[in-house]
Amino acid sequence: SGVSRCLLKDADVYSVARLRDRIFAGTRGGLYCMEAGSDTFHKLELELSWQLINALYADESDNTLWFGASGLYRLHVYSGKLDLVSPSLSAKTLVRDCDGNLVIGTDYGLVTVDMAGGAATRYTHNLHRHNSLSNNVVQSIFRDDNDNIWIGTDYGVSLARRYRSYEYRSITQFTEGGEGNQFFVLCPDRDGSLWMGGNNGV
């Protein structure tokens, strides 16, 4: 059986990501890193106006770490250079879509950022559109093997199908039930099922 150890004690950890030989942890007190060959985390001294790190996304194509704090940041891991990409985007969760856009979950809807041109588009809940985002508070995002984007919100899960330009479908359209959970985490298994964890369980 495996042995578990606590490697980052006395810290509220909100997000974890791996970039090649390093493990990063976003906490209430800043960004921590554990390098290859080490069994301890050390805090990265970054100039941040707010230390709470909600979300991490590791991009191996250019060895950068994207994270949400009091704005959207990009850390060039090996040089240590830090970019403030957007002071107004406070990310709760991050993922890349199949077109290379950064997809960002916020308290005010879903935002996609064109990484080539930098243009940002925001998607929000619309009471008059049945297929809009189910809720504006986006807690979790997952990209499946078919390049669909699953979005866990404070009121159910939305599905943005590939090739339909972020036309959302509520999960209730598939289950025909009244699932109105807050969904904090989405996780696939090797059989292709998607597990959803929320305030009413899994």
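Trainee: Is Glu-60 buried, partly exposed or exposed?
Mentor: Glu-60 counts as partly exposed, because its relative accessibility is 35%. Buried means under 20% relative accessible area, exposed over 50% and partly exposed in between, with a 1.4 Å probe and protein chains only. Keep in mind that this is a predicted model: local features need pLDDT of at least 70, side-chain atom pairs count only at pLDDT 80 or more, and totals for chains, interfaces and linings use all residues. Residues are numbered from 1 along each chain as its sequence is written, and side-chain values use heavy atoms, leaving out hydrogens and water.

Trainee: Okay, which residue forms a salt bridge with Glu-60?
Mentor: Arg-20, with the closest N and O atoms 4.0 Å apart. A salt bridge here is a side-chain nitrogen of Lys or Arg within 4 Å of a carboxyl oxygen of Asp or Glu. Arg-20 counts as partly exposed too, because its relative accessibility is 43%.

Trainee: How many salt bridges does the structure hold?
Mentor: Nine. Another one joins Arg-28 and Asp-12, whose closest N and O atoms are 3.1 Å apart.

Trainee: Switching topic: which residues touch the most other members in the largest nonpolar core?
Mentor: Phe-24, Leu-31, Leu-56, Leu-65 and Phe-67, out of 17 residues. Such a core is a set of buried Ala, Val, Leu, Ile, Met, Phe, Trp, Tyr and Cys residues joined through side-chain atoms within 4.5 Å.

Trainee: And what does Leu-65 touch?
Mentor: Not counting residues up to four places away in sequence, its contacts (heavy atoms within 4.5 Å) include Ala-17, Phe-24, Leu-31 and Tyr-73.
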